[in-house]
Amino acid sequence: MKGMKIRQVTAAERAEVVFPLTAYAFEPTADFEGLREKYRARMRYFEHVTTLVAEEAGGEAVACVAAYPMLQNVRGRVLDMAGVSSVASQPASRRKGYVRELLWQLLRQMRDQGAVVSTLYPFRPSFYGRFGFVGMPRRRRVGFAPGGLPAVELPGYVEQVPMAEGFAEYTGLLSRMCAQTHGFALFDELRTREFGEAKVWLALARAEQGEVLGALAYEIKNFGDVLDGRDLLATGPLGRALLLQFLGRHVDQVRKVTLSVGADVVPELWGTDLEVTLEGLVDFPTHGGPMARVLDMRGLDGIAARDGDVTVEVVDDAFIGGVHRLVGDGGQLSVTTGGASQARLTVAGLSALVYGVLDPVEVMSRGLGEIEYPAVEKLRAMFPREMPYLFADF
Ligand SMILES: CC(C)(COP(=O)(O)OP(=O)(O)OC[C@H]1O[C@@H](n2cnc3c(N)ncnc32)[C@H](O)[C@@H]1OP(=O)(O)O)[C@@H](O)C(=O)NCCC(=O)NCCS
């Protein structure tokens, strides 16, 4: 691209080179130098982030993109994932294709470093649709008065500690949940450390023997006001029930509890007379649902798939374009190259099936591919619908 150079920058350079771009795009116009100082202090957690900038002739950085090295459970296997963020360009340099060049290079670098999939939170999904990403469900916000929850004796207890104190057990729980929950994503150890500094309470639900079964990070806004929770995390129903019971104990302290859950959670079943709101707000540019795409077909070997054998052609893609035979056998997928294809899919269409968010008919009705009839049923059987719960925000 004429006069434009792409350069990878270190974490130490980000406060000088990247912050002016992302602060203009995402921060309120305020105390720029004050915000920059805080940002500089955070950069020790960004050592493993891949950051690329576009420099115009003269060396000024005018656009940037970045990716966190992350892990994500995709149908039972924990895969290397590139979490894309810090996508921004200066107004005078927009619509010149700089971000397009940066994003393709970033995805290529991450794929070459082993990332099998990539996810992001879009300002506008159609922008990232061009790069092969497909939408996933946004987490829901639940709101209820604590009085409506049941108070039955349960085998276990809840401990309430400052986040810093419970952080090791909290991250241990996150790792276990990533191993068992489709869609669940984790930052690497260095990036995760920053979250331990959050000035919030942590409720840890424990079995009688002490094992952590669930956790909720939260803050209390004011006496008589709202207990504002993050995600209600639990390895199973007991962990969740213990946390809900703990929240019920706030009946005379707060008027309302709010917290986040995955898209398939049904909070109206948590209590008998429980009045509850379940909000799934999606709007742009601030509340987009996450998006994901596959970067490496062979990396999908071993994810869960029911029995079946379908050959698909993925069209127009630098990374996974071509013909792939997908075989589900003994509960696992294997991927090989070549054969006579029964479906023509965009990357987004293929990714939607792998992530379990669209049925093959919806892939077609959304314009993400064409599938011959017997293959529709085979793909539906091999990749049953399964809503991913992408825990991490970035
Ligand atoms: C979003 C943003 C990064 C786009 O940057 P840009 O430099 O204009 O992007 P490019 O010129 O490289 O455009 C890439 C492609 O997307 C298209 N595009 C650009 N803006 C778009 C939009 N709002 N919606 C849909 N497509 C868009 C371009 O036409 C181009 O298409 P092409 O590949 O067919 O030519 C820039 O507008 C920005 O900084 N916005 C504010 C911050 C922000 O929202 N960042 C994204 C956070 S997820």
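**Entry 1: Gln245**

I began with Gln245, which at 14% relative accessibility counts as buried, where buried means under 20% relative accessible area, exposed over 50% and partly exposed in between (1.4 Å probe, protein chains only). I note here that this is a predicted model, in which local features need pLDDT of at least 70 and side-chain atom pairs count only at pLDDT 80 or more, while totals for chains, interfaces and linings use all residues. Residues are numbered from 1 along each chain as its sequence is written, and side-chain values use heavy atoms, with hydrogens and water left out.

I placed Gln245 in helix H8, residues 237-248; helices (H or I, at least four residues) and strands (E, at least two) are DSSP runs, numbered from the N terminus. I then listed the contacts of Gln245, leaving aside neighbours within four places in sequence, and found Pro150, Ala151, Val152, Glu153 and Leu154, a contact being heavy atoms within 4.5 Å. With Val152 I looked at the atoms themselves, and a polar atom of the Gln245 side chain lies 2.3 Å from the backbone oxygen of Val152. I also looked up Met136, which is 109 residues from Gln245 in sequence and 31 Å from Gln245 in space, C-alpha to C-alpha.

**Entry 2: His182 and Arg75**

Next I turned to His182, which sits in the loop between helix H6 (163-180) and strand E9 (185-187) and is buried at 6% relative accessibility. Which residues is His182 in contact with, once neighbours within four places in sequence are left aside? I wrote down Asn73, Val74, Arg75, Val354, Tyr355, Glu386, Met387, Pro388 and Tyr389.

In strand E4 I came to Ser86, another residue other than glycine with a positive phi, here near 50°; Ser86 is buried, with a relative accessible area of 16%.

**Entry 3: domain 1 against domain 3**

I then looked up the domain assignment, which gives domain 1 (5-115), domain 2 (140-279) and domain 3 (296-382); such bounds come from an automatic or database domain assignment. The C-alpha centres of domain 1 and domain 3 lie 31 Å apart, and the contact takes ten residues from domain 1 and 14 residues from domain 3.

Between domain 1 and domain 3 the buried area is about 1,100 Å², of which carbon and sulfur atoms give 58%; buried area is the accessible area (1.4 Å probe) that two parts lose on being put together, summed over both. On the side of domain 1, Arg75, Arg77 and Arg111 lose the most area to domain 3, together 52% of what that side buries.

How many salt bridges does the rule find across the interface of domain 1 and domain 3? I recorded zero, where a salt bridge is a side-chain nitrogen of Lys or Arg within 4 Å of a carboxyl oxygen of Asp or Glu. I did record five residue pairs in polar contact between domain 1 and domain 3, both residues at pLDDT 80 or more. A polar contact is a pair of N or O atoms within 3.5 Å; within protein, one must be able to donate a hydrogen and the other to accept it, and residues adjacent in sequence count only if both atoms are side-chain atoms.

I also asked which elements make up the side of domain 1 that touches domain 3, and found that E3, E4 and helix H4 (98-112) each supply at least two residues. H4 gives the most to that side, with four residues.

Beyond four places in sequence, the contacts of Thr311 include Val323, His324, Arg325 and Gln342.

A cis peptide bond joins Phe284 and Pro285, with omega about 10°; I found Pro285 in the loop between strand E15 (276-279) and strand E16 (291-294).

Last, I checked for disulfides, a disulfide being a pair of cysteine sulfur atoms within 2.5 Å, and the count came to zero. I looked at two cysteines by name: Cys64 is buried, with a relative accessible area of 1%, and Cys178 is buried, with a relative accessible area of 1%.
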